[in-house]
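Open the model in your viewer and show it as a cartoon. The stops below say what to select and what is there.

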Amino acid sequence: VQLQASGGGLVQPGGSLRLSCAASGSGFSIDVMDWYRQAPGKQRELVAGLIGDIADYAGSVKVRFTVSRDTAKKTLYLQMNSLKPEDTAVYYCRLVSGGRVYWGQGTQVTVSS
């Protein structure tokens, strides 16, 4: 399984970005797919994810971020609105399939004026 994340960049506070994570490979099912982030000097943290059709969010991003999935394309999205400087981090997608965990390469999100 390979995960390709994209959509990061530099945005001003209050702006928006949409991240995508496309899963490829053969013979795998998606049990869980979610987004993590890691800021400099901090531990990687769960941002948002989907277990089936149930979404879960970190408290710091609730209302501002929306996670969604295109099942046919095996792609996970993260719509991020009202971005704050504290959202600056490398964002990683994670996929769990049959007890195995796969990580994408990460995409940098920088929120700065």
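Is Ser82 buried, exposed or partly exposed? Ser82 is partly exposed, with a relative accessible area of 40%. Here buried means under 20% relative accessible area, exposed over 50%, and partly exposed in between, using a 1.4 Å probe and protein chains only.

This is a predicted model, in which local features need pLDDT of at least 70 and side-chain atom pairs count only at pLDDT 80 or more, while totals for chains, interfaces and linings use all residues. Residues are numbered from 1 along each chain as its sequence is written, and side-chain values use heavy atoms, with hydrogens and water left out.

**Stop 1: Ser82.** Keep Ser82 selected: it sits in the loop between S8 and strand S9 (89-97). Strands are DSSP runs (E, at least two residues), numbered from the N terminus. Phi of Ser82 is near 50°, a positive value in a residue other than glycine. Most residues other than glycine have a negative phi.

**Stop 2: Lys74.** Now select Lys74, in the loop between S7 and S8. Lys74 also has a positive phi, near 50°, and is not a glycine. Its relative accessible area is 29%, so Lys74 counts as partly exposed.

**Stop 3: the open sheet.** Select S1, S3, S8 and S7, given here in their order in an open sheet of four strands with antiparallel pairing. Strand S1 (2-6) and strand S7 (65-70) stand at the edges, each with a single partner strand, so one side of each has no neighbour in the sheet. From one strand to the next, the twist averages 15°. Two strands pair if DSSP finds at least two bridges between them. Strand S3 (residues 17-24) and strand S8 (residues 75-80) run antiparallel and are joined by six bridges. To see one of these, select Ala22, whose bridge partner in S8 is Thr75.

**Stop 4: Arg64.** Arg64 is in the loop between strand S6 (54-57) and S7. Arg64 has 10% relative accessibility, so it counts as buried. Which residue's side chain makes a polar contact of 2.7 Å with that of Arg64? The partner is Asp87. A polar contact is a pair of N or O atoms within 3.5 Å; within protein, one must be able to donate a hydrogen and the other to accept it, and residues adjacent in sequence count only if both atoms are side-chain atoms. Beyond its neighbours within four places in sequence, Arg64 is in contact (heavy atoms within 4.5 Å) with residues including Gln79, Ser82 and Leu83.

**Stop 5: the hairpin.** Finish with S5 and S6, which form a hairpin with two residues between them. Gly52 in the turn has a positive phi of about 65°. Four bridges join strand S5 (residues 45-51) to S6, and the two run antiparallel. Select Leu50 to find its bridge partner in S6, Ala55.

Terms used:
Axes fitted to C-alpha atoms, helices over the stretch in contact; angles between N-to-C directions.
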